[in-house]
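The model is set out below for reference.

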Amino acid sequence: MNVLYFELAMTAYLIAAVLFLVYLPGSGRRETLLAAALGGTLAGFVFHTAALTVRWRELGGFPVTTAYEAASFFSWTLILVFLLFDFRLRIHVLGAFAVPLAFLSVFAAALLRTSAAPLDPRLQGLGLTLHTSLMVLGAVAFCISFLAGIMYVIQMRLLKSKHFGNLYAQLPPLEVCDAMIARGVLGGFPLTTLGLLSGAIGARYVWGHYWEWTPKETVSLLVWGFYLLMLLGRYWLGMRAQRGAYLAIAGFLAVMLSFMGIDVVLGEHRHF
Amino acid sequence: MQLIVVGLSHKTAPVEVRERLALGAEALPEACRQLTGDGAVREAMVLSTCNRVEVYAVADTAEDGFSGISEFFARRAGDTTPAHLLPHLYHYPGNDAIGHMFRVASSLDSMVLGEPQILGQFKDAFEAALSCRSSGMVLNKVVKKAISVAKRVRTETAVAQSAVSVSYAAVELALKVFSDVSRERVMLLGAGEMAELALRHLISAGVRDVVISTRTLENAQSLATRLSAEIGTSSRKPGEADAEPVTVRAVPFDAFPTELVETDIVICSTGAPDYVIGRDLMTRTIRARKHRPMFLIDISVPRNIAPDVNRVNDVYLYDIDDLQQVVESNLAERREEARKAERIVDEEVDSTARWLRTLDVVPTITALREHADAIARSEAERVLGKLPNLSEKERELVRGLAASIINKLLHNPLTSLRREAQDRDSQEMVEITRKLFALPERQAPTETPADAPPDSPVGNAADSPPDPLPDPLPRSASRGRPR
């Protein structure tokens, strides 16, 4: 049942993503197109919620402990945050970036689903759920600054090169993108900090030591340090505006790397 | 009865001609009175802006109206004959007049497509016509329709969106860097006229903190005093009383580089022959600002800000050509949107024209009803005279019977008259009806409104209530479009 809902959600996201990408460079007022894109996103979100709920009840625990589930939960939260942003701030253009990314993430989740190995029973428990949830929520926050960073860089280039087309008109002002970057980092940093702490404590109970310096742990710590410096640098060193945008993009790519890249590259199958 | 327009605009007449005809706001009611007083037209409204002078009127025939208004124009221009003005005047009757009015109100006929002032001027013209009661039922309805069409065009198309003047383009660009200019400080460097205009636009967009610096401090100070005095008095609109006051400061010219650090927007227009702001200065400034972005506008020719300043990170520099480019692309977009707007206008003209045509049959319908009612009443009374023993209730029944026969009989003719009128010229139908029922001859179209019967449903201007839109179809059985 959850698979059906999940696939419906994936289809809805795909349609919404395409609609948003058509909407983005368009001219004038195209309310119907936008309404369709938002409607598709909302429908996808409802199916996705249903899929998560069904899975939750099947599992008896919050479904966030496999890579598939984490990716799915990531896009669910991303869509939720986008919808809230859109509702509050009416930055519809964000959808053209967030919804395709959410679709890619559920698509990746769908691919991972078939290969998902059953979880080591020792790992099950509240500690792991807490750790992965926090890490995913942190990643969503960083993702928002990543998307805002992309919008910033595009808008900045258009402004510098003096191309005043439709895209320029649609994208939000630089200051709005910059504020979104800052908020994303400000929100993501404490979540990731707590996530790493809960992970270390969990590891202490399962394996007997807090930290092992595996590649994944190392990269995670580096990413955490990167965002710490970014946060401090923003206020003390002027790492804002253009540089802030590039850093936000780089930071999130590193997050992605630490989430899945390392596992794939090093062929290491201990997911956590 | 016809709605007509006679006028001239920037498209047909040079300013030398337009200025001779232009009327100030205070002269409008008098002009309307003159027009309707002449008897050439029943209703009139005069619209006068710097780009157009037009008379919208309701006349019995288009030709009479045209010549009457043309003479009015000739008198205003001080000529004895309209011949000299004629090449500049356009005359539109009927649907073309309605369409023209809708396009003017929607700013589709403006020199700057989509400019917002025209609707206000249009409303003022209507107010003036109302105040001297020269606008009657037809104009009231069509003008109000024009205002609502203009609003529809503005909300449904982007024809009035985006900046189309160089000084306003600066504000539009600034709003792509800053989300809310009310927190930003603006520096005016030099005091060129266009720079001052851009500053004023920024202030009305919300800027509250202004610094002025010119080569001679006195000039900056006097401009600062003048600006704060003006803003102090003009920005106190009702409801905005809580708005933060605008502070305007003058600083010596050699102090402006240090002031730059706290400045977010610079408008530069000094008369200097070379660069006043160079790349080094901006690199230092932006570093000192911890890379909070800056927005520079160089309106001066020769330019006063080195072009390579734009290469400094987080500094956005625009010169006059860049602003011009913004204006061009916005205008192109407006032209695109104007096509959508034209479709809206066409739609609305159709429905208004249909309504207007039904007015032509109103006198006939009224006459027919009155004729029939008179017959019903007299016949009923004749019968009642022969039946003296009836109770009051039975007498009522007899009267009711007569009235209901008349109603049943008239229902179809009246309905088809109205329907006919909506869809095509109803002249023939009216004539047939009048002949069939032997109704008295209509008011000859050449008669002046003063001779029109006071109870005529079309009415002359003075008899029509200025405000509500009266229903032109009295006691309608099946109003509106059939089915």
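Contact means heavy atoms within 4.5 Å. The model discussed here is predicted. The points below cover the interface between chain A and chain B, an antiparallel sheet of chain B and a parallel sheet of chain B.

**Interface of chain A and chain B**

- Chain A contributes 24 residues to the contact, and chain B contributes 34 residues.
- Together the two chains bury about 2,300 Å², with 46% of that area on carbon and sulfur atoms.
- Two salt bridges are found across the interface of chain A and chain B. In a salt bridge between Glu175(A) and Arg183(B), the closest N and O atoms are 2.9 Å apart.
- Between chain A and chain B, 19 residue pairs are in polar contact, with both residues at pLDDT 80 or more.
- On the side of chain A that touches chain B, at least two residues come from each of α5 (126–161), α6 (166–170), α7 (174–206), α8 (215–236) and α9 (241–266) of chain A. Of the elements of chain A, α5(A) gives the most to this side, with five residues.
- Sorted by class, the side of chain A that touches chain B comprises 13 nonpolar, five polar and six charged residues.

**Antiparallel sheet of chain B**

- Four strands of chain B form an open sheet in the order β2-β3-β1-β4, and their pairing is antiparallel.
- The edges are held by β2 (43–48) and β4 (90–93) of chain B; each has a single partner strand, so one side of each lacks a neighbour in the sheet. On average, neighbouring strands of this sheet are turned by 15° against each other, direction ignored.
- Eight bridges pair strand β1 (residues 2–9) of chain B with strand β3 (residues 52–59) of chain B in the antiparallel sense. Within β3(B), Val58(B) is the bridge partner of Leu3(B).
- Helix α3 (residues 62–77) of chain B lies across β1, β3 and β4 of chain B, and its direction is at about 30° to β1(B).

**Parallel sheet of chain B**

- A further open sheet of chain B has six strands in the order β7-β6-β5-β8-β9-β10, with parallel pairing.
- At its edges stand β7 (247–250) and β10 (315–319) of chain B, each with a single partner strand, so one side of each is left without a neighbour in the sheet. From one strand to the next, the twist averages 15°.
- Strand β6 (residues 209–213) of chain B runs parallel to β7(B), and four bridges join the two. Val211(B) has Arg249(B) of β7(B) opposite.
- Helix α11 (residues 279–288) of chain B lies across β9 (294–298) and β10 of chain B, running at about 150° to β9(B).
- Helix α12 (residues 320–386) of chain B also lies across β9 and β10 of chain B, with a direction at about 80° to β10(B).

Definitions and conventions: Residues are numbered from 1 along each chain as its sequence is written. Chains are lettered from A and ligands numbered from 1 in the order in which they are written. This is a predicted model: local features need pLDDT of at least 70, side-chain atom pairs count only at pLDDT 80 or more; totals for chains, interfaces and linings use all residues. Side-chain values use heavy atoms; hydrogens and water are left out. Buried area is the accessible area (1.4 Å probe) that two parts lose on being put together, summed over both. A salt bridge is a side-chain nitrogen of Lys or Arg within 4 Å of a carboxyl oxygen of Asp or Glu. A polar contact is a pair of N or O atoms within 3.5 Å; within protein, one must be able to donate a hydrogen and the other to accept it, and residues adjacent in sequence count only if both atoms are side-chain atoms. Ala, Val, Leu, Ile, Met, Phe, Trp, Tyr, Cys and Pro count as nonpolar, Asp, Glu, Lys and Arg as charged, and the others, Gly among them, as polar. Two strands pair if DSSP finds at least two bridges between them. Axes are lines fitted to C-alpha atoms, for helices over the stretch in contact, and angles run from 0 to 180 degrees between N-to-C directions.
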